[in-house]
Amino acid sequence: MKVGRTLLVGVPVLFLGYFFVYPVASILIEAATGEGGMDFLLTASTGRALWFTLWQAAVSTVLTLLVAFPLTWVVSNFDFAGRRTVMALVTVPFVLPSVVVASAFIALGLRDSVVAILVAHVFFNVSVVVRTVTTVWARLDRSPIDAARTLGASPWTAFRQVTLPLLSPSIAAASSIVFLLCFTSFGIVLLLGGLRLRTIEVEIYQRVTTYLDLPAAGALALVQLVGIVAVMTAYARLQERRTRKLHLRPEAQVLRVARGRERIWMWSIVTATTALTLVPPTVLIARSMRSGAAGWRFLADPGPLAVDPGAAIGNSLQSAAIAALIALAVGVPAAVVVARSAPGWGRWMDVVVMLPLGTSAVTIGLGFLVALDRPIDLRTAPIIVPIAHALVAIPFVVRAVLPTIRSIRTVLRDAAAVLGASPARVWREVDLPLMARAVGVAGGFAAAVSLGEFGATAFIVRPGTVTVPTLIYRLLGRPGAVTFSGAMAMSVILMVLVGGLVMSLDRLRAGELGSF
Amino acid sequence: MLTAENIHVAFGDTVALDGASVEVGDEIVAILGPSGCGKSTLLRVIAGLQRPDMGAVTFDGEDLTSVPAHLRRFGLMFQDYALFPHRNVGRNVAFGLEMQGLEREEISQRVSEVLELVGLAGWESRVIDGLSGGEAQRVALARTLAPRPRLVLLDEPLGSLDRMLRDRLVEEIREILTEASTPAIYVTHDHDEADRVSDRALIMRAGRIVASGTLDQIRTGANDPWIQEFLAI
């Protein structure tokens, strides 16, 4: 067990140390010591980027809350045929790669404008709000609300005075996540913002690719990190202060069948939201089919100048498989350590594995570029792409398996031990079978993250390792209607790959909930 | 014969066991005490799940104090049964036999034998999820007895069941334990249950054993007012 324990702690610490802490530290050193790094922060263009990053994130968050509210109300209160399907459908945009979403909005003609960015962010993040709030609202014990009604509160007053305060922690949680995602949004802003609109993320990318100014990029990454840490700290404080023990019940006991006017509202909201969700994917497909399926013909025969689409798909699938394996190999041991350790130790590991989530993908990519040429030059090794993807996916893996590991009661391990199972045997007979499904879901999710990853890949991709999202970006950057249609067709392929993977995972998870 | 001598266990500043000593021969002994007196901790020390800060556990003269739980060949029935949710009834009962490395046929024979003993003949393929409290309790008892442990430890085995069911099951447990002729320690906070299941009772208070004998003997013999009051409830 000594050996096992060392591996459990050692693998995550070494991996994250070398591929995360070391690169990020190198960025900071580059920013502090490189020429003109810190001075760049005082320029007007940095100020503009910072201001735009902040306000677009804030506005996107508020808009997302407003758009998500009606559907959240519906799925948190009513049971109806197709409820699960609607939930799955609104989740699809969130798992769609940013490049795909951006392509869809370009196809809609929304390009080079603030509106395009805001609408794309809302489209992306509605499901975060719906899912996060619904898990609480749909299970919230209604008796306090009924009590308020009998005490003379109107439905609206009861909602404001009772329901809303009880939901506020989950609304705050959802808002923080959405804000963070929009704050670090890269693909959307790069593709939809044109030359004028830049977030810090995009500014970092431009500094590196256009000016090769690593000190300035490092200094911007530092600003970005400070901003993220500030948001996360505020969020943690908020959570701590606001967390109450809620009385939660099974959904089946809470949800009811809509009647009369409620029914009309319910179906209108469901129809409108699902229709809006389906617009961008439909446009993508339609655009790829235009003028005799020009996009698909282009993919079949891209000509001498383009990159091979088949190779990109192969690269993406291979990266996804390797990234999923790495993310599991690092994330599962880390989750076990977090779940099992004494509070102090466990929390330390928890913070370490969650850091990549708070860091932006662009920072990770930049860090690889700055740091990984020493001691051996990994920057040109093909494995670097799946490693970067794994780094982005690890926090998701930990979050996916941690609740399951925590839910395995110690008494089951004790029971197995008393019945004669050695510690290794207990692990094999109790922990492993009970974790298996969560690990499978986490691995699939890591693969989905890898398939759509763009921010980190953009920095480290080489001609031989072009993935589907980077290929789409390159095609969009070229003139001509035919390459544009090709980008649309490529986006459709990526959408089908990721969408199919996530939908089948969702089914797997439903089976798990049903069997325990 | 099991002896646990002068066992001390502290969790931080809380003293759970403060020099508890127990001897169990070929008999069923009840350990009776209010909640929080250290009964469950004592069972965990005997089972090997909790290392004592001080004191020794021996069985038939062999010192077990540093022997890990899975090598002690004791059976422990948990308060909330701790059935494995990913295995059906039969595979729960088979677990201890599998750990002994028995042949598949031997295992299935023993499983059906023990299930019959607890009145669940033929229940092998049922899932754990659908069992009622009383049924889960029987499966847990069968799982504990299947590997023929040298000593059975029962931690409030009827604690979560309603009164009527408890009255019926307490008699059954005594019969089953007698039939299996395994020495047993039965922990409870209910003196009626203790009286009916055991040959002898130990009264526990604040981490120590304060009285021993049949409950009648203790009632008449004790001049400690706390014991009198505890048994009078």
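**Entry 1**

I looked up B:Ile7 and found it opposite B:Ala20 in β2(B). The two strands, β1(B) and β2(B), run antiparallel and are joined by eight bridges. I take strands as DSSP runs of E of at least two residues and helices as DSSP runs of H or I of at least four, numbered from the N terminus. Two strands count as paired if DSSP finds at least two bridges between them. The hairpin leaves two residues between β1(B) and β2(B), and B:Gly12 in the turn has a positive phi of about 65°.

For the record, this is a predicted model: local features need pLDDT of at least 70 and side-chain atom pairs pLDDT 80 or more, while totals for chains, interfaces and linings use all residues. Residues are numbered from 1 along each chain as its sequence is written, chains are lettered from A and ligands numbered from 1 in the order in which they are written, and side-chain values use heavy atoms, without hydrogens and water.

**Entry 1**

On the β4 side, β1 (residues 2-11) of chain B pairs with β4 (residues 54-59) of chain B over five bridges, in the antiparallel sense. B:Leu2 has B:Phe59 of β4(B) as its bridge partner. Contact here means heavy atoms within 4.5 Å. Axes are lines fitted to C-alpha atoms, for helices over the stretch in contact, and angles run from 0 to 180 degrees between N-to-C directions. I also noted B:Ala4, which stands opposite B:Val57 in β4(B).

**Entry 2: the six-stranded sheet**

Next I checked the other sheet of chain B. Six strands form an open sheet in the order β6-β7-β8-β3-β9-β10 (chain B), and the pairing is mixed. β6 and β10 (208-213) of chain B are the edge strands, pairing on one side only. Direction ignored, neighbouring strands of this sheet are turned by 20° against each other on average.

Which sense does the pairing of β3(B) and β9(B) take? It is parallel, over four bridges. B:Ile31 faces B:Leu202 in β9(B) as its opposite residue, and B:Leu32 stands opposite B:Ile203 in β9(B). β9(B) and β10(B) run antiparallel, joined by five bridges. There B:Ala201 has B:Gly213 in β10(B) as bridge partner. The hairpin of these strands, β9(B) and β10(B), has two residues between them, and B:Ala206 takes a positive phi near 45°. Helix α8 (residues 225-232) of chain B lies across β3, β9 and β10 of chain B, at about 115° to β9(B).

**Entry 3: salt bridges**

I counted a salt bridge where a side-chain nitrogen of Lys or Arg lies within 4 Å of a carboxyl oxygen of Asp or Glu. By this rule there are 27 salt bridges over all chains. One of them joins B:Arg200 and B:Glu27, at 2.9 Å from N to O. The pair links distant parts of the chain: B:Arg200 is in strand β9 (residues 200-205) of chain B, B:Glu27 is in the loop between β2 and β3 (28-32) of chain B, and they are 173 residues apart.

**Entry 4: where chain B meets chain A**

I then turned to the interface. 23 residues of chain B are in contact with 20 residues of chain A. The two chains bury about 1800 Å² between them, 68% of it on carbon and sulfur atoms. Buried area is the accessible area (1.4 Å probe) that two parts lose on being put together, summed over both. On the chain B side, B:His70, B:His86 and B:Met99 lose the most area to chain A, together 32% of what that side buries.

How many salt bridges are there between chain B and chain A? There are three. A:Arg409 makes one with B:Asp80, with the closest N and O atoms 2.8 Å apart. As for elements, α1 (39-47), β6 (74-77) and α2 (89-99) of chain B each supply at least two residues of the side that touches chain A. The largest share, four residues, comes from α2(B).
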